[in-house]
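Please look through the structure below before reading the numbered points.

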Amino acid sequence: MSTSAPAPTPPPPQQEQQSDVKPGLRKPVFVKVDQLKPGTNGHTLIVKVLESNPVSQKGRSASNHLRQTRIAECLIGDDTGTIIFTARNDQVDMMKPGTTVILRNAKIDMFKGSMRLAVDKWGRVEVTEPAEFVVKDDNNLSLVEYELVNVAEE
């Protein structure tokens, strides 16, 4: 009289094994300056700072008790072109001419019809080792003027 034992069931797959790996992180895709388009965001770039010009704030005397926002317009670029980067507060200190920076999760803002690159609270500006490329300074994307055209759907 032989009784066959039921086949052992495999243990359920363990989902909690990789708790140290953060979900949703993907490898950064580095883009070049000449690939930037109006209305896009989530860009990661390695750029050199060519110049940094502080923007003076006008008409803010009523809100002196609020922390003053420091803004600088910085001309940045890589080997494909240049664009104006709007640096705010602590970013202004990092954007010194000659510095190489990595911009993470940068977005394109439109200002008077031209593109500006910016990094808000969801992105990051990091100073890195000097890059090897030579900046192509005759292709400034911030000098291209765009016009918003509404297309009527019929």
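1. Val-101 has Val-127 as its bridge partner in β6. Strands here (E, at least two residues) and helices (H or I, at least four) are DSSP runs, numbered from the N terminus. The model is predicted: local features need pLDDT of at least 70 and side-chain atom pairs count only at pLDDT 80 or more, while totals for chains, interfaces and linings use all residues. Residues are numbered from 1 along each chain as its sequence is written, and side-chain values use heavy atoms, with hydrogens and water left out.

2. What joins β1 to β4? The link is made of 6 bridges, and the two strands run antiparallel. β4 and β6 are likewise antiparallel, joined by 5 bridges. Two strands pair if DSSP finds at least two bridges between them.

3. β4 pairs with β5 as well, in the antiparallel sense over 5 bridges. Here Phe-111 stands opposite Ser-114 in β5. β4 and β5 form a hairpin with 2 residues between them.

4. Lys-112 lies in the loop between β4 and β5, and its phi is near 55°, a positive value in a residue other than glycine. Most residues other than glycine have a negative phi. Is Lys-112 buried or exposed? Lys-112 is exposed, because its relative accessible area is 71%; exposed means over 50%, buried under 20%, and partly exposed in between (1.4 Å probe, protein chains only).

5. Asn-89 also has a positive phi, near 50°. Asn-89 is found in the loop between β3 and α1 (90–94). Its relative accessible area is 19%, so Asn-89 counts as buried.

6. The chain has 154 residues, of which 32% count as buried. The accessible surface is about 11600 Å², and 52% of this belongs to carbon and sulfur atoms; the areas come from the Shrake-Rupley method with a 1.4 Å probe, and for residues only the protein chains shown count as cover.

7. Which residues have the most contacts inside the largest nonpolar core? They are Ile-76, Phe-85, Leu-103 and Leu-117, in a core of 23 residues. Two or more residues each come from β1 (41–55), β2 (71–78), β3 (81–88), β4 (100–111) and β5 (114–118). β4 gives the largest share, 4 residues. A nonpolar core is a set of buried Ala, Val, Leu, Ile, Met, Phe, Trp, Tyr and Cys residues joined through side-chain atoms within 4.5 Å.

8. Leaving aside neighbours within four places in sequence, the contacts of Leu-117 include Leu-36, Leu-45, Ile-76, Phe-85 and Leu-103. Contact means heavy atoms within 4.5 Å. Among contacts between residues at least 6 apart in sequence, 63% join residues at least 24 apart.

9. Leu-148 lies in the segment after β6 (124–128). Leu-148 counts as exposed because its relative accessibility is 78%. Gly-113 is 35 residues from Leu-148 in sequence, and their C-alpha atoms are 8.1 Å apart.

10. The charged end of Lys-32 sits over the ring of Phe-133, 5.9 Å from its centre. Lys-48 lies over the face of Phe-133 too, at 5.2 Å from the ring centre. A charge sits over a ring if NZ of Lys or CZ of Arg is within 6 Å of the ring centre and within 35 degrees of the ring normal.
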